[in-house]
Amino acid sequence: MGINESAAVATVYRLADRVMAAGLARSLRAETLELLACGCRRPRRLVEAVIDSGDRELQVALARNAGLCTPRQRLRLARLGVPDVGRALYVAERWSRSGRGDEIRAAVLAAADPADPAWRVPGGLVAMLLGETLPAELAAAIHAPFPDLALHALRHCGRDLPLPILLRAARTLHAHGGPELLTALAALVDEEGGLGHPGLAALLRCAADADSGAGAGTGAVGGAVGGAVALLLAGDPSHTDELLYAVRLHGRGEMAGDVPPDWERVRSEHDRHPFTAGELTRLNRWPGCPPDLAVEGLRRDPRAALVQGTGPLPLSALTGPAAEPARSYVPRVLERGLREGWLSAERLFTEVTRAADVIGCLPQGDELVGKAVRELTAPLGTDPAAWLALYRRINRFAGTATELVAAARADAAGRRGPAPSWPRAIGPAFPCREPEGQRALFQRLFAYAEEDVQEAVVPHLDLRAVQHLLVFGAPTPRLRERITAVHGRAAQVAHASRWDLPGETVEELLDLDDPDVNEKLYLYGAIAQEERERILAGRGRDGSSVPVTDGLLDALTWIDLRHHRAWVSAGLLSGDPRVLRVVLGRIRTHTEAGRLRVLIRLWERHGREAVGALMTEAEFPGRTGGARHPLPAATHKSVAQALASPDGLVLLRDRLAAEEDPVRVVALLRRTAAGPVAERVRHLAEEGTALPWPQLLEAHAADPLPVHLLRALAQQPGCPRALLLAALGAGPVCRSDDAPWLVPAIQTGRFTPEDVFRHCGPAAEAVSLLAGVHSHWPTAEAASWGPLLREVRVLTRSHLGTSQETWTRAARLLPAFPGPLPALLAAAAADSTSSSTAD
């Protein structure tokens, strides 16, 4: 069964109700079996129907891909007690990421009937586990109802088990086999050197001896003996024991609610059988972990503790020899400690060297850290010389941050001469990148400084530092005014240097109507296409004239058209001869109406002389010497006639009106071949021609438009609903080809579920669109699709009714049926009626 058949079966299950799904599991058994084996997404009703079906082969197929089921569904499978299902599910849990693998595996074994020989056949679950030695695979088997398997699991897992869990396993063994199994377990403990539990073997033998009369004792005597065993092996595992069990065997463990582990119990378990470095790192994720355990994990594996650890570590350990082998990872841990509050910035400033390492890990926007930084830099005051001395030393200073500030203050105190200036000053960078090295360290401290300090130092910053402060420092409006007052337009230009500037900042910069700011925003900012068109047209936001800079004109010659064609085409209607010379040299115009519109706009702004000069221009940037003029001969002929006439502009406008005559446009589109029609429609719209929707509707009503034209028109946002529906029902839909118009129409609600249901064909594509059952778009997962799916269910059930035979026929017809869904449902119902009549 191919992918379409699998999707069809999945769709039927999704659209059917619960009662119908159970019947489909029988009538579509072969198809369902292949669907379960293919590993694609299964509807919940299919899973429930298979679990309830009693069909062992279907259940095994489901269990083999149990990762696609919910934990509750996997538990239901486990509790069936079917040997083949249990084995498949046990194996499938190796790849489960739910964190409940042991729970589900234990449920498999708990539901097993030891008297059923199918559990022990060669290749069965018991035989498979008896050949296993990995503790993680055997952990769930320590309580198995098969004594030999439980003993085997305890041999390989027992050393890692806390004593209460081991005693619980011993009680389970006793319940399944009596004192002989306790004696066997005691012998196993001796063979394994005590399993790390001194006295355990003696305790087990004592319990076995207490139960020695169990074979003869009955009634009260037998109950007393069993009670003695339970008393000797008493000890229910605590929450901490269960956590340690999960950490030891699976490398995980989660606290129940807010209940912290018993750390004394953890420590005693560590003394009994030391945890590995990875286990200690995991233990340190829990609140209250003793520092010595955390440090021991760091000492044993510094890299894992620093990279994978999420718990606190003492500052002395992070700066001491234990962390030295992985010192490059220490700053990220220091930053995490400051952010989470288990490290103090004050201690870092006074105790940790080098100062650059500490400053480099300061998180941004943290109020507690900001308070500590302001206290640290308070000795510098508002003295620019002290702050610039700090900048000079910050990258190479070997002492603590506190000592760095003191040294900078001393440098400033001994300074004589003119006002200080920024060392090795440089200008802004375009695009602006985050500061590095010395500048990054200074920025981290300066961003936290008091506003009056920042205002005092701003005049002494170079433009690169100003740029970093504006773009990454989140200055207050007052500070921005101070920066502009001191550095003027240069600061505003430096600010317009990144694509991710906040929207309100971009708006403020655009409102300046400054040519240089516009240039930088055009090249490095995220601005709307309408703003790009306005900038290249030389219009200010207030209606004034704002010239296009030479730098922007030059940039238009090298902008990559593969990614930013619209940045260049934005100048087509600029009416600026300098801009048009560049744009026409790089962008091909595709419609005569578009070319005439370009020339009319140029004439309106600069007169006939500018049009004549453009038509005689011999060199266009981006075109090789000797290349033909970018405008074709037909355009030259029209323009020559206009230039020779006193009413030349009127002539061009009349010519444009003739080109855009609705009847002409409809005829042009109708005779365009299937291949280029989508491009032609797009070119008309992009170059300013308004598509004549009323005339297109009339033409379609008189003589239906070709399917390729309908789907090209459907890609346009203004396409009328009548033409959209015609495009939907005009022929087979293929999502890979029709996505450009089909997906937006569904996403924006221009198609209703009933539209797709009634008009879209083939039927398999329609149900895949509506139900999102197989290879679907991400939007098919959105919550908004829930009501849509419910509507489709109602529509489908209203056609197919409650006849299981009709549903089955519909499922088998669906993959290859060429027509829309109503035709499919009618065919399925008719076939069902014919079969009933024949019977």
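Predicted model: local features only at pLDDT ≥ 70, side-chain atom pairs only at ≥ 80, totals over all residues.
**Open space.** The largest pocket holds about 450 Å³. It is lined by 21 residues, and Glu533, Ser569, Ala570, Leu572 and Glu686 sit closest to its centre. Four helices each supply at least two lining residues: helix 35 (529-536), helix 37 (561-569), helix 39 (592-616) and helix 43 (674-686). Helix 37 gives the most, with 3 residues.

The largest cavity has 14 lining residues; Val12, Leu15, Thr796, Leu800 and Leu825 are the closest to its centre. Helix 1 (3-15), helix 50 (785-800), helix 51 (804-813) and helix 52 (821-838) each give two or more residues to that lining.

The second largest cavity is lined by residues including Trp422, Arg439, Phe442 and His468. Helix 28 (437-446) and helix 30 (463-472) each supply at least two lining residues. Helix 28 has the largest share, 4 residues.

Volumes and lining classes are set out here.

| Space | Volume | Lining by class |
|---|---|---|
| Largest pocket | about 450 Å³ | 7 nonpolar, 8 polar, 6 charged residues |
| Largest cavity | about 90 Å³ | 12 nonpolar, 2 polar, no charged residues |
| Second largest cavity | about 60 Å³ | 6 nonpolar, 2 polar, 1 charged residues |

Glu132 lies in the loop between helix 9 (125-130) and helix 10 (135-138). Beyond four places in sequence, Glu132 touches Arg94, Glu137, Leu138, His152 and His156.

Note on methods
Residues numbered from 1 in each chain as written. Heavy atoms only, no water. Contact = heavy atoms within 4.5 Å. 1 Å grid on protein atoms, 1.4 Å probe; cavity = no way out; pocket = protein on both sides within 12 Å on 5 of 7 lines; lining within 4 Å. Points joined across faces, edges and corners; volume = space filled by probe spheres on them. Nonpolar A, V, L, I, M, F, W, Y, C, P; charged D, E, K, R; others polar.
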